[in-house]
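I opened the notebook with a few things to look up: the ligand site, the salt bridges and a bit of surface. Here is what I went through, entry by entry.

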Amino acid sequence: MSKIRPEQMRFWSPEVRELDPYVPGEQPKIQNLLKLNTNENPYPPSPKVVEAVEAVLENSADALRLYPDPDATVLKQAIAQQQHVNIANVFVGNGSDEVLAHIFKAFFVQDQPILYPDITYSFYPVYSQFFGLSAQTKIIPLNEQFEIVVDDYKQPNGGIIITNPNAPTSIALGLDAIEEVLQSNPDVVVVIDEAYVDFGAESAVKLVEKYENLVVCQTTSKSRSLAGLRVGFAIAQPHLIAALEAVKNSFNSYPIDRFAIAAAVASFEDQEYFEAQCQKVILSRDKLVADLEAIGFKVLPSKANFIFASLPSKDAGELAQALRERGIIVRYFNKPRINQFLRITIGTDEQNQRLVDTLKQDILS
Ligand SMILES: *Cc1c(COP(=O)(O)O)cnc(C)c1O
């Protein structure tokens, strides 16, 4: 941000002066850069997605002149079909970050404490603060193995949010554990953020019919290679979707533009391509884990398109810096408990090989 003189801050709302915003992983413009820092998919989206965007442009006069469908009905239909739910179970937003913001507003802004793990998606504390919930947020530590302990979520609360698989740990929770959380908390909303679920974890969408307090949130950004489009969605029973729609229509009635709607629909309709790409990432992950373990890394068991790894013999911050100097960017969090780990996004096999070779032949030799 450009420098702001203290007296210029008088124009800011007092609350905004206190904000501590989310810091996204950087998008540097360096040649021959290998970006393994923001969990983007290394593969392009389905060719049908590109065709769908071009088809929107063919009718460009109307495509750009007219507002998009505020309900993005065709997109909700495509999601409902792919997820085996009804359209009344689907909410869509401008990236799942926006969906999560609406979830906080719709369900968590009340007096009881909301619960989430100490190590999880770093946007949750940002939203807690944004919605004035910092005082009534209860942070629940993961155990020594960086796992979520279900019993810790059996205490009075005003809502729970769990990332599954968790980020940045990459560890997945089974559906039996999630059902236990749901059953122990029948009067509050339990949110499962499944940004990475397509890389090997089990989705809680199949529990939506059974639990009136469950919201499952997913995104097209990672497994569908559409981070540039900003489409996220939530699946829940209609009484919860209605609350999200009320919030959305009090904030921005047209969050998803025509290009994003068309492209996301095409992606959901090309299930075969989607599954093949996810499978490729999973195979590459398993190979990368084996290669890193062979040079001494400890890697947490991953069900995501990233891994969380540490090297006992070298400081993780220094390692991240050494990689950066060689054009490879990974995510390093200088935070308690995880400051000896690197979060590494799974690339193509060639990209992962460059990472391993750089470590082996250059940094650790
Ligand atoms: C990437 C990510 C999101 C946000 O995804 P967008 O749809 O791109 O906004 C939400 N939750 C978690 C845990 C993520 O890692």
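**Ground rules.** I took helices (H or I, at least four residues) and strands (E, at least two) as DSSP runs, numbered from the N terminus. I kept in mind that this is a predicted model, where local features need pLDDT of at least 70, side-chain atom pairs count only at pLDDT 80 or more, and totals for chains, interfaces and linings use all residues. I numbered residues from 1 along each chain as its sequence is written, and side-chain values use heavy atoms, with hydrogens and water left out.

Entry: I looked up L19 and found it in the loop between α1 (14-17) and β1 (34-36). L19 counts as partly exposed because its relative accessibility is 31%; the classes are buried under 20% relative accessible area, exposed over 50%, and partly exposed in between (1.4 Å probe, protein chains only). The areas come from the Shrake-Rupley method with a 1.4 Å probe, and for residues only the protein chains shown count as cover.

**Entry: the ligand.** Which residues are closest to the ligand? I noted S96, Y196, T219, S221 and K222, out of 13 residues that surround the ligand (a heavy atom within 4 Å is the test). Then I checked polar contacts, meaning pairs of N or O atoms within 3.5 Å; within protein, one must be able to donate a hydrogen and the other to accept it, and residues adjacent in sequence count only if both atoms are side-chain atoms. An N or O atom in the side chain of Y196 is 2.5 Å from a ligand oxygen. For S221, a polar side-chain atom lies 2.6 Å from an oxygen atom of the ligand, and for K222 the value is 3.0 Å. Taken alone, the ligand exposes 380 Å², and the protein buries 93% of that.

**Entry: K222 and the record.** I found K222 in the loop between β7 (214-219) and β8 (232-236). Is K222 buried or exposed? K222 counts as buried, because its relative accessibility is 15%. UniProt (unreviewed entry) places "modified residue: N6-(pyridoxal phosphate)lysine" at K222. The UniProt annotation "domain: Aminotransferase class I/classII large", also from an unreviewed entry, covers residues 32-359. That span is 39% helix and 15% strand, and its end C-alpha atoms lie 17 Å apart.

**Entry: salt bridges.** I listed twelve salt bridges, each a side-chain nitrogen of Lys or Arg within 4 Å of a carboxyl oxygen of Asp or Glu. One of them pairs R65 with D62, with closest N and O atoms 2.8 Å apart; both lie in helix α3 (residues 60-65), three residues apart. R65 is exposed at 60%, whereas D62 is partly exposed at 29%. Next I looked at D118 and R337, whose closest N and O atoms are 2.9 Å apart. D118 lies in the loop between β3 (114-117) and α6 (123-130) and R337 in the loop between β11 (328-330) and β12 (342-345), so the pair ties together parts that are 219 residues apart in sequence. I also noted that D151, K154 and E180 are linked in a network of salt bridges.

Definitions and conventions
UniProt positions renumbered as here; feature names shortened; annotations may be inferred.
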